[in-house]
Amino acid sequence: MSKIILDRPELEALSDYRYGWADTDEAGETAERGLSETVIRNISSIKDEPEWMTNNRLKALKAFYRKPMPTWGADLSGIDFDNIKYYVQSTEGQAKTWEDLPEDIKNTYDRLGIPEAERQRLVAGVTAQYNSTAVYHQIQEELEAKGVIFTDTDTALKEHPEFFTEYFGTVIPAGDNKFAALNTAAWSGGSFVYVPPNVTVEIPLQAYFRINTENMGQFERTLIIADEGSSVTYYEGCSAPIYSSDSLHSAVVEIIVKKNASVHYITIQNWSNNVYNLVTKRATVQAGGRMEWTDVNTGSRVTMKYPSIYLMGEHASGETISAAFAGEGQHQDAGAKMIHMAPYTTSSIISKSVARSGGRSSYRGEVRVDKNAHHAANTVRCDALLIDTISRSDTYPAIDIRTDDVSMGHEATVSRVGAEQLFYLMSRGMPEEEAMAMIVRGFVEPVTRKLPLEYAMEFNTLIGMQMEGSVG
């Protein structure tokens, strides 16, 4: 029974990743390809950056050249750094209203639902990045009155340099890994957030990142600082149209959570299957603070992403909950890292992955407890769901305990969609793809539960479209 149902040709469509629409790309057609000191100096010059940032970029470029390509994870041999466009400027400046945007960019973001979200006041502020530049930004006046800063990173460097000299590159230094070095050299755009002491941002800040150019490299840089006793939720969405050749997304996210502060960072990425998605995300959490990553990854050719939390002060806590979908020709190598550096710190990791049509999903995680972090506690749960017999799931946990009086738990499961489950739902009149989507939604329900209502609805829609082979 299992083989008869699961090997049906209709299930081949589950790996498809289509948009059904494309954008014009006049800016990308004339952009320069290749990486060099001249290219990096030009990026810095165009942005009119201070000399210290230019020098910082050039040092990072040297680090990028020195560091070897990682070979321990997914296959990255298809990346051609000489063919990538490292900077594509889509507009001359930021628009103050949606109506001021160029028509093609406005149409793109209309389809992604940004103005709709803003009209319904689902977000406290919006930043939209198109290729290498932020093309639109808005924040509610009442938040500005409280001292909240939310803008694109390029603008923040000019208007708030004191934060950059103190924090930029302190959580993720340029020499951390090859792609962090590349981002530090070629970064452009991204989000900057500062929340003053004891200020609560009750509704999310939101950012959208769109790659619209073939062979484009997008290197946004995000820096979030939650001062003592503050709280903020930040949501990002990412997308790209399908091209016949590859693009590279290599972002860096640095988050500083100060004493008794709280940050919730939500990502829903639905890259097309020609994108290499190689991202470094890390947070440091001081005493009594809390950091949460909620991470959803669909599409892309390769994703390598392991959000990390360094628990630096007593009673700091961290949580990472993620879902990854791997289809035909896709490798989702994702996970999380929890580093306990202080006593009485707590953390948890929940990882859900779905693989179908020959796709591969991997959990790669690390839990480390420093010698001073007595009475630390951590739990890890990794669950993988295989849609068919040709897909693959792997788990690569690393646990490093350097002290006594520690509570630690790790659980991993791998299961397949049962023919009986499908048969039961279909016998009630449910089409096969809808039945499959329902099973998957139930499997990832712990992730959905962590999302605000409007984002949970988006996630459930995305799952249904994955099962229909029409994500976009």
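Contact here means heavy atoms within 4.5 Å. This is a predicted model, in which local features need pLDDT of at least 70, side-chain atom pairs count only at pLDDT 80 or more, and totals for chains, interfaces and linings use all residues. Residues are numbered from 1 along each chain as its sequence is written, and side-chain values use heavy atoms, with hydrogens and water left out.

**View 1. Ile266 and the residues it touches.**
Leaving aside residues up to four places away in sequence, Ile266 touches Thr233, Tyr234, Tyr235, Glu236, Thr294, Leu451 and Pro452. Ile266 belongs to strand E11 (residues 262-271); helices (H or I, at least four residues) and strands (E, at least two) are DSSP runs, numbered from the N terminus. Because its relative accessible area is 0%, Ile266 is buried. For all these views, buried means under 20% relative accessible area, exposed over 50%, and partly exposed in between (1.4 Å probe, protein chains only).

**View 2. The whole protein, for orientation.**
The protein has 14 helices and 23 strands. Of its 472 residues, 60% count as buried. Among contacts with a separation of 6 or more, 84% come from residues 24 or more positions apart.

**View 3. The largest nonpolar core.**
A nonpolar core is a set of buried Ala, Val, Leu, Ile, Met, Phe, Trp, Tyr and Cys residues joined through side-chain atoms within 4.5 Å. The largest one has 33 residues, and Leu205, Tyr234, Ile255, Tyr265, Met291 and Trp293 touch the most other members. Strand E10 (residues 252-257) gives this core its largest share, 3 residues. Apart from this core lies another, of 28 residues, including Val39, Tyr87, Ala181 and Met304. Zooming in on Ile255, its contacts beyond four places in sequence are Val171, Ile224, Val263, Tyr265, Arg282, Ala283, Thr284, Met291 and Trp293.

**View 4. Strand E10 and its two partners.**
In a regular strand the side chains alternate between the two faces of the sheet. On E10, Val252, Glu254 and Ile256 point one way, while Val253, Ile255 and Val257 point the other way, and all are buried. Strands pair if DSSP finds at least two bridges between them. E10 runs parallel to strand E7 (residues 221-226), joined by 6 bridges, and here Arg221 stands opposite Val252. E10 also pairs with strand E12 (residues 275-285) in the parallel sense, again over 6 bridges. There, Glu254 has Arg282 as its bridge partner.

A pair of aromatic rings is described by the distance of the centres and the angle of the planes. Rings of Phe, Tyr and Trp (its six-membered ring) pair if their centres lie within 6.5 Å; planes under 30 degrees apart count as stacked, over 60 as edge-to-face and the rest as tilted. The structure holds 13 such pairs. Phe81 and Phe179 make a tilted one, at 6.2 Å centre to centre and 35° between the planes. This pair links distant parts of the chain, 98 residues apart: Phe81 is in the loop between helix H4 (51-66) and helix H5 (103-112), and Phe179 is in helix H10 (residues 178-186). Phe81 counts as buried because its relative accessibility is 15%, and Phe179 does so because its value is 7%. Phe164 and Phe168, in turn, are stacked, at 6.0 Å centre to centre with 25° between the planes. Ring pairs also link Phe163, Phe164, Phe168, Trp187, Phe192 and Tyr194 into a cluster.

**View 5. Charges over ring faces.**
A charge sits over a ring if NZ of Lys or CZ of Arg is within 6 Å of the ring centre and within 35 degrees of the ring normal. Arg221 lies over the face of Phe168, at 4.3 Å from the ring centre. Lys178 lies over the face of Phe64, at 4.0 Å from the ring centre.

**View 6. Two loop residues with positive phi.**
Asn198 is not a glycine, yet its phi is positive, about 65°. Asn198 is found in the loop between strand E4 (191-195) and strand E5 (205-210), and counts as exposed because its relative accessibility is 63%. Ser357, also not a glycine, has a positive phi of about 55°. Ser357 sits in the loop between strand E19 (346-355) and strand E20 (360-369), and its relative accessibility of 11% is why Ser357 counts as buried.
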